[in-house]
Structures are given as structure tokens and as C-alpha cells.
Amino acid sequence: MGRAFEYRKAAKMKRWGHMAKTFTRIGKQIAIAVKSGGPEPENNPALRAIIANAKRENMPKDNIERAIKNAMGKDQSDYKEVTYEGYGPFGVAVFVDTLTDNTTRTVGDVRSVFNKFSGNLGTTGSLSFLFDHKSVFTFKKKDGIDMDELILDLIDYGVEDEYDEDEEEDSITIYGDPKSFGDIQKHLEENGFEVTGAEFTYIPNDLKDVTPEQRETLDKMVEKLEDFDDVQTVYTNMKPE
């Protein structure tokens, strides 16, 4: 199994926040997708991908339909995707993905947590060298699938030749160029693959060792960041347990 899989597996085992928080996060993503591509999933690849993620998170169908309907309302706020980055305590790099309708509020909230934990919020792109930005697709395995052939078909979209198989879920996860998200999704769908997850992620390329005491402090920092409604996902280069 590759570095990306091990990091994602560790992150999945330690989720911060509750189900209601997850549904709120997905609701904001649906709002952006609907406003940019319309409310019909069959005509909106981004919305299809988010719905697949929502189902994986066990979000009820009624909640999904309600989020789509709300996104069509005239008074629905316009959200922006903003990423904040900096160093937390002990020199650990931290990326914070947000969806916000008020950047002044959001940057203030994020900065307050960095300050509380003796960290430093940096400028956009200052830590990009520490992380690989990837698009991630998970889909159900098909009988007779030739992964070498599939990867060869997708290589022009920056898909890596290293992929991960989950025997328990009977699924495969591939990693590609974020700029080719739509093309990768289209290829998988047109070739009959059931996409069960499609997202963007940051994968650290230089993991930092921490002591158990340091990990506890960093976990508290991440938890504080995740408490804010605007925060979608927090990434660090802290070495998984």
C-alpha cells in the first residue's frame, strides 16, 4: 500500500466532528456545485461527485435533496473556497480547507487557533512544497478489470500508477492531477465504473515525527479548527500513529 493510502487510512480512523457537522459541510459543497452547474446531477459532474461522497457518509436522501433545493433559493449565500496554511506547534505544517461566505470572519477564527497553540499562519502557497495536492477517486471493482490498462488510459490526466485496493470495501482508489478532476470522473463514468468517492486532498510528502504529548496538543488544535462551521478539512504532516 502506498504512502497516500496509509496517510488517508490514519486520517479516516480519527475523524473530528460529529455527523451533523459532516452534513453541514456537504451541504455547503452542494450549494457551490448547484450554483456553478445547476441542480440536475445528470448534467452536473461536480454535483454527482458530491452526492457520491454524501452517500458514503450515510447522509439521508432527504437531506441531499433538501440541500439541493436550498441552494436554488434566492437568499442562498455564495460560498468561497479558501485554504489557509501555516505552522502549528512543534514545527508541524497545517493546511485548513474552508468554505466561507465571510472571509474576514473565517481568517480571524483560523488565526485565533494558530495563535492559541503558538503557531504561525502563513501566506497562501508558502507550504505547498510540503504537500502534494491530489484528486482522489474511489470506485467499485469490476470483474475482469485490468488496472494497468485503466491507468494507461488515464495517464494523460496525471493519474499515478500507484493505486490502492480495499478488499473489505471491494473498491479501488486512484490519485491524479487536481486540474483533471472532471476528465478523470468522466472517463470512469463512461466506462461503467461506480464512483463511490471523489474529492481533493493534500498528502504530505515529508512526515514529521512527534511525541505522544505533542500529538495530543496537535490533536486539540485540529479539533478546535474543526469546531468552526466554515472549516471543511484540516491536513497536517504529522506522522500517523
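**Charges, bridges and backbone**

Reply: Arginine 105 is partly exposed, at 34% relative accessible area. Buried means under 20%, exposed over 50%, and partly exposed is what falls in between (1.4 Å probe, protein chains only).

Me: Before we go on, what am I looking at?

Reply: This is a predicted model, with local features needing pLDDT of at least 70, side-chain atom pairs counting only at pLDDT 80 or more, and totals for chains, interfaces and linings using all residues. Residues are numbered from 1 along each chain as its sequence is written, and side-chain values use heavy atoms, with hydrogens and water left out.

Me: OK. Which side chain meets arginine 105 in a salt bridge?

Reply: Aspartate 101, at 2.9 Å from N to O. A salt bridge here is a side-chain nitrogen of Lys or Arg within 4 Å of a carboxyl oxygen of Asp or Glu. Aspartate 101 is partly exposed too, with a relative accessible area of 38%.

Me: Why would they pair at all?

Reply: Side chains of opposite charge can pair when their charged atoms come close.

Me: What network are they in?

Reply: Lys28, Asp101, Arg105 and Asp230 are linked by salt bridges.

Me: Lysine 28, then. Buried or exposed?

Reply: Buried, with 7% relative accessibility. Lysine 28 sits in helix α2, residues 19-37. Helices are DSSP runs of H or I with at least four residues, strands are runs of E with at least two, and both are numbered from the N terminus.

Me: Which backbone oxygen lies 2.9 Å from a polar atom of the lysine 28 side chain?

Reply: The one of aspartate 229. For a polar contact, two N or O atoms must be within 3.5 Å; within protein, one must be able to donate a hydrogen and the other to accept it, and residues adjacent in sequence count only if both atoms are side-chain atoms.

Me: How many salt bridges in the structure?

Reply: 11. One of them joins arginine 48 and glutamate 189, with the closest N and O atoms 2.5 Å apart. Arginine 48 is in helix α3 (residues 45-56) and glutamate 189 in helix α7 (residues 181-190), so this pair ties together parts 141 residues apart in sequence.

Me: How accessible are arginine 48 and glutamate 189?

Reply: Arginine 48 is partly exposed at 25%. Glutamate 189 is partly exposed at 30%.

Me: And the bridge between lysine 220 and glutamate 216: what is its N to O distance?

Reply: 3.9 Å. Both residues lie in helix α8, four residues apart, which is about one turn of the helix. Lysine 220 has 46% relative accessible area and is partly exposed. Glutamate 216 is partly exposed at 49%.

Me: Now glutamate 85. Where is it?

Reply: In strand β1, residues 80-87. Glutamate 85 is buried yet has no salt bridge. The nearest side chain of opposite charge is arginine 111, 13 Å away. Lys and Arg count as positive, Asp and Glu as negative; His and the chain ends are not counted.

Me: Which backbone nitrogens does the glutamate 85 side chain reach?

Reply: Glycine 125, at 2.9 Å, and leucine 127, at 2.8 Å.

Me: Switching to the surface. Which residues gather in a patch of negative charge?

Reply: Asp143, Glu168, Glu169 and Asp170. Patches take residues with over 30% relative accessible area and no salt bridge, joining like charges within 9 Å and nonpolar side chains (Val, Leu, Ile, Met, Phe, Trp, Tyr) within 5 Å. The areas come from the Shrake-Rupley method with a 1.4 Å probe, and for residues only the protein chains shown count as cover. Each charge is placed at NZ of Lys, CZ of Arg, CG of Asp or CD of Glu.

Me: Where is aspartate 170 found?

Reply: In the loop between β5 (164-166) and β6 (171-176). Aspartate 170 is partly exposed, at 38%.

Me: Last topic, backbone. What is phi of phenylalanine 90?

Reply: Near 65 degrees, a positive value in a residue other than glycine. Phenylalanine 90 is in the loop between β1 and β2 (93-100), and is partly exposed at 38%.

Me: And phi of serine 118?

Reply: Positive, about 55 degrees, although serine 118 is not a glycine. Serine 118 is in the loop between α5 and β3, and is exposed at 63%.

Me: Glycine 119: buried or exposed?

Reply: Buried, at 7%. Glycine 119 lies in the loop between α5 (103-116) and β3 (120-121).
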